[in-house]
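Me: I'm new to reading protein models. Could you walk me through this one, feature by feature?

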Amino acid sequence: MNSGWILLDASHDALRTVVAGLPADAMELPTPCTDWNVTQVIQHAAGDQVAYAAFLTGEPGPEENPFAPSGSLSGEPLAHVEAAMERSAKAWAAVDRDAAEVPVPMPPNKMAPWLGAGACALDAAVHAWDIAVATGRPSPLTPQLARELLVVARETAEPVRGFAYAAALAPEPGDDEVAALLRHLGRDPHWTP
């Protein structure tokens, strides 16, 4: 299901593409998310999508705390993220784009609809990148997607530094749009396991 928000749908596609076909032996690999393996990042990414949906609809939130993932999935990883993204897409599809604010799970817990959908997209896309680099797969972040997500990141990252995002890293010569986004979120664009 598409949400109708281009940035969110592109980010969902990025997460879907990276999780699709992950081999079983990839699930315990380390990721750029300190102390989390691939399974835990998948759980976190799915949990965050459910949290956004729950804030928008009033339906139940994630079954476990997305910031304390257990590291154990029942079922296939792709089915796990697909169910979460479907809830998120359905919730965002019903949002009034002309509303002044919508409820979201990140501070200040209310944002303009475009920004809330963008924050939800940022979460999915960046964790898609985390999984991709952890498993030796190509980055799902395109320059255009990164450029649009950086606008959102500049508006939303500060209140959750040290919790959801690390301190921003200094830019380096030769950084492209993807590197600029990752550095803004405290990630090393050249991270390797």
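Reply: Let's start with a pair of helices: helix 1 and helix 5 pack at an angle of about 120 degrees, with their axes 11 Å apart. That angle makes helix 1 oblique to helix 5. Before going on, know that this is a predicted model, where local features need pLDDT of at least 70, side-chain atom pairs count only at pLDDT 80 or more, and totals for chains, interfaces and linings use all residues. Residues are numbered from 1 along each chain as its sequence is written, and side-chain values use heavy atoms, with hydrogens and water left out.

Me: How do I read a helix pair in general?

Reply: Two packed helices are described by the angle between their axes and the distance between the axes. The axes are lines fitted to C-alpha atoms, for helices over the stretch in contact, and the angles run from 0 to 180 degrees between N-to-C directions. Under 35 degrees counts as roughly parallel, over 145 as roughly antiparallel, 65 to 115 as roughly perpendicular, and the rest as oblique. Helices themselves are DSSP runs (H or I, at least four residues), as are strands (E, at least two), numbered from the N terminus.

Me: Which residues of helix 1 and helix 5 meet?

Reply: On the helix 1 side you'll find L7, A10 and S11, and on the helix 5 side L145, E148, L149 and V152. Contact means heavy atoms within 4.5 Å. Sorted by class, this contact has five nonpolar, one polar and one charged residues. For the classes, Ala, Val, Leu, Ile, Met, Phe, Trp, Tyr, Cys and Pro count as nonpolar, Asp, Glu, Lys and Arg as charged, and the others, Gly among them, as polar.

Me: And at what angle do helix 1 and helix 3 pack?

Reply: About 175 degrees, with their axes 10 Å apart. So helix 1 is roughly antiparallel to helix 3. Helix 1 brings L8, H12, L15, R16 and V19 to this contact, while helix 3 brings P77, L78, V81, E82, M85, S88, A89 and W92. By class, that is nine nonpolar, two polar and two charged residues.

Me: Is H12 buried or exposed?

Reply: H12, which sits in helix 1, counts as buried because its relative accessibility is 2%. The cut-offs are under 20% relative accessible area for buried, over 50% for exposed, and partly exposed in between (1.4 Å probe, protein chains only). Leaving aside residues up to four places away in sequence, H12 touches Q49, M85, S88, A89 and A124. Look at A121 too: H12 and A121 are 109 residues apart along the chain, yet their C-alpha atoms are separated by 7.1 Å.

Me: How many residues does the largest nonpolar core have?

Reply: General idea: in soluble globular proteins, nonpolar side chains tend to be buried together. A nonpolar core here is a set of buried Ala, Val, Leu, Ile, Met, Phe, Trp, Tyr and Cys residues joined through side-chain atoms within 4.5 Å. The largest one has 34 residues, and W92, L122, L141, L149, L181 and L185 have the most contacts inside it. Helix 1 (6–19), helix 4 (113–134), helix 5 (143–156) and helix 6 each give two or more residues to this core. Helix 4 gives the most, with ten residues. There is also a second, separate core of 24 residues, which includes A14, V19, C33 and V41.

Me: What does L149 touch?

Reply: Its partners are L7, S11, G118, A121, L122, A125, L141 and L181, again not counting residues up to four places away in sequence.
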